[in-house]
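Subject: Handing over the structure

Hello,

Here is the structure we talked about. Please look it over, then read my notes below.

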Amino acid sequence: MDGSLGEAHPEAGQTLSLVLFSGTDDRLTAAAVLTVGAAAMGRRVNVFLQYWALDAFRADRIHKDHGVAAEAGPEGADIVRRHGGQHWSELLRQAKDIGEVAIHACSLSMEMFGITTDDLDPLVDDQEGVASFFMDVDGPVTFI
Amino acid sequence: MPGVTHIDRSIDARGLPCPGPLMSLIGAIREGQVGDVIEILSSDQGTKTDLPAWIHKAGHELIEVEEADGFARFVVRKAR
């Protein structure tokens, strides 16, 4: 980051720690909007990708339709699709551009799905275990 | 007085959903020079609170906010 806002540098206790579990487009978009907002306001963002969220970050699938959460129902799904706005991967790219945003793949989920780092979109910085993720956690963890 | 400030750059972000207008402003601030005055139009409701919050946090100056029919106009000076 070149500190666009940015120059309000992240302080201790100012990290947004997100664990993304769900791989549906609505939940990933909500998480990406939180990430952009936090990065814009000078917070560090620490993201851990597990299960279906990790699967959605496969380079060859990232732009495919990942559906919406079950509670949406057919009508809710239509509302979400019609709303438009930028794809969650683009929002995350912008967040990384303006702030300090690290995206880690959960090594357990990588093994479970047989995913290697080469399979993942470059948005993902690395893979790590859960204890390493908590090295950078300095407050509550939000699970989406 | 509204409308008499010299504008260096104008951005029409009407129609963009949150956080589009904020990201447009951040981009323009990054590209601009200190002292530049940027005008941005937005129809997104969240922008009404988000732009002032970001401008304050990032240390720039909100010169003007003007409500129009269905959108708002913000005038910002890049302060650093």
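In chain B of this predicted model, E64(B) stands opposite V75(B) in β4(B). The strands concerned are β3(B) and β4 (residues 72–77) of chain B, which run antiparallel and are joined by 6 bridges. Strands (E, at least two residues) and helices (H or I, at least four) are DSSP runs, numbered from the N terminus. Two strands pair if DSSP finds at least two bridges between them.

Angles run from 0 to 180 degrees between N-to-C directions, and axes are lines fitted to C-alpha atoms, for helices over the stretch in contact.

A few notes on numbering and confidence. Residues are numbered from 1 along each chain as its sequence is written, while chains are lettered from A and ligands numbered from 1 in the order in which they are written. Local features need pLDDT of at least 70, side-chain atom pairs count only at pLDDT 80 or more, and totals for chains, interfaces and linings use all residues. Chain B averages a pLDDT (the predictor's confidence in each residue, from 0 to 100) of 94, and 95% of its residues score at least 70. For the complex, the predictor gives an ipTM of 0.84 and a pTM of 0.89.

Now chain A. Its open sheet has 5 strands in the order β4-β3-β2-β1-β5, and the pairing is parallel. β4 (126–128) and β5 (141–143) of chain A stand at the edges with a single partner strand each, so one side of each lacks a neighbour in the sheet. The twist averages 30° from one strand to the next. Strands β2 (residues 44–49) and β3 (residues 101–106) of chain A pair over 5 bridges. There, V47(A) stands opposite I103(A) in β3(A).

Helix α1 (residues 25–40) of chain A lies across β1 (15–20), β2 and β3 of chain A, at about 165° to β1(A).

Best wishes

How values were computed: Two residues are in contact if their C-beta atoms, placed from the backbone, lie within 7 Å.
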